[in-house]
Amino acid sequence: MPVLLTGGTGKTSVRLARFLQNENIPFLLASRRGPSAAPSGMPAIKFDWLDQSTWKEPFQYRFSGGMTISAIYLMEPLVDEPWKPMNEFIDYARKEHGPGMGMVWQHFLDTGVDYCVLRPSWFMENLSDEAPSIVIRDHSKIFSACGDGRIPFVSAIDIAAVAFRAITDPQSHNCDYRVLGPELLTYDEVAERLSAALGRPIEHVKLSGDQRYEALVSFGVSDYYARLLTRLETAASTGFETRMNDDVKRVTGRAPRSLDLFAHENREAWNSVSK
């Protein structure tokens, strides 16, 4: 049952690919940079949400034994009205190889295909994989408009583990999961956890929504993504992310990974190169 993974160089797609690889389940990474950006030993094709000429690529890929794609892991593109290209691709994929894929919410309800929607909270990996890691490393600071909002930070490994079960279980889940970490933390508390792991003080700098938006744009973040991130952070400051559940444990059979473990495993991402 080959699986197509869009967002093929993203945090969760690559980790989900490792789960599939370990179980000898065929998969194909799809991203704008194609094979050049894929990890060694992982098959990949060029795929661009905004270039429909690339949509045929995954369905022309030759899997061993003549197998065809039976499930698709859809990652939302960071564009205005992302549901439009996603729904168009869903329709395209259904014409190519029939149902059996994750869908944009209303569209999969309308079309009646099997699905599973993952709605994760904030990624722990945002602290280590992106520009914030450089700010933490060089300036010992975390900037956000989250205020004192409490967030169930979750590891991309746990998101991928839930996705793996949803894709490979014999019975379609046909539901949505709110994929959350094991505890509610403010960014002040995140800074304290990183301080303990790194042996030096890390400070959370609280910004207003306007300050956060302006800072993101000044660092070259697109207007669309800067506004999106600012909206998410200001919503978090009002308690929007304050929720807990046991979805990760219920689906995967194990508890979600803690921020303390994540910080310990990723200390090098925040250590100075000169050390």
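Predicted model: local features only at pLDDT ≥ 70, side-chain atom pairs only at ≥ 80, totals over all residues.

Me: OK, helices. At what angle do α1 and α6 pack?

Reply: Helix α1 (residues 11-22) and helix α6 (residues 156-168) pack at about 55 degrees, and their axes are 8 Å apart. Helices here are DSSP runs of H or I with at least four residues, strands are runs of E with at least two, and both are numbered from the N terminus. Axes are lines fitted to C-alpha atoms, for helices over the stretch in contact, and angles run from 0 to 180 degrees between N-to-C directions.

Me: So is α1 oblique or roughly parallel to α6?

Reply: That angle makes α1 oblique to α6. The cut-offs are under 35 degrees for roughly parallel, over 145 for roughly antiparallel, 65 to 115 for roughly perpendicular, and oblique for the rest.

Me: Which residues of α1 meet α6?

Reply: On the α1 side they are Lys11, Thr12, Arg15, Leu16, Phe19 and Leu20. Their partners in α6 include Ile157, Ala160 and Phe164. Contact means heavy atoms within 4.5 Å. The residues of this contact of α1 with α6 divide into 11 nonpolar, two polar and two charged. For that count, Ala, Val, Leu, Ile, Met, Phe, Trp, Tyr, Cys and Pro are nonpolar, Asp, Glu, Lys and Arg are charged, and the others, Gly among them, are polar.

Me: And how do α8 and α9 sit?

Reply: Helix α8 (residues 209-218) packs against helix α9 (residues 223-237) at about 150 degrees, with 9 Å between the axes. That makes α8 roughly antiparallel to α9. Among the contact residues are Tyr213 and Leu216 of α8, and Ala226 and Leu229 of α9. The contact of α8 with α9 has five nonpolar, three polar and four charged residues.

Me: Switching topic: how many aromatic pairs are there?

Reply: A search of the whole structure finds 13. Rings of Phe, Tyr and Trp (its six-membered ring) pair if their centres lie within 6.5 Å; planes under 30 degrees apart are stacked, over 60 edge-to-face, and the rest tilted. One of the pairs is Phe59 with Tyr92, which is tilted, at 5.9 Å centre to centre and 50 degrees between the planes.

Me: What does that pair tie together?

Reply: Phe59 lies in helix α2 (residues 57-60) and Tyr92 in helix α3 (residues 83-97), so the pair ties together parts 33 residues apart in sequence. Phe59 is buried at 12% relative accessible area, while Tyr92 is partly exposed at 24%. Buried means under 20%, exposed over 50% and partly exposed in between, using a 1.4 Å probe and protein chains only.

Me: Which cluster is Phe59 part of?

Reply: Ring pairs link Phe59 with Phe47, Trp49, Trp55, Phe89 and Tyr92 into a cluster.

Me: Last topic, the backbone. What's up with Asn24?

Reply: Most residues other than glycine have a negative phi. Asn24 has a positive phi of about 60 degrees although it isn't a glycine. Asn24 is in the loop between α1 and β2 (27-31), and it counts as exposed at 71% relative accessibility.

Me: And is Ser140 buried or exposed?

Reply: Ser140 is buried, with a relative accessible area of 18%. Its phi is also positive, near 55 degrees, and Ser140 lies in the loop between α5 (131-139) and β6 (141-144).

Notes: Residues numbered from 1 in each chain as written. Heavy atoms only, no water.
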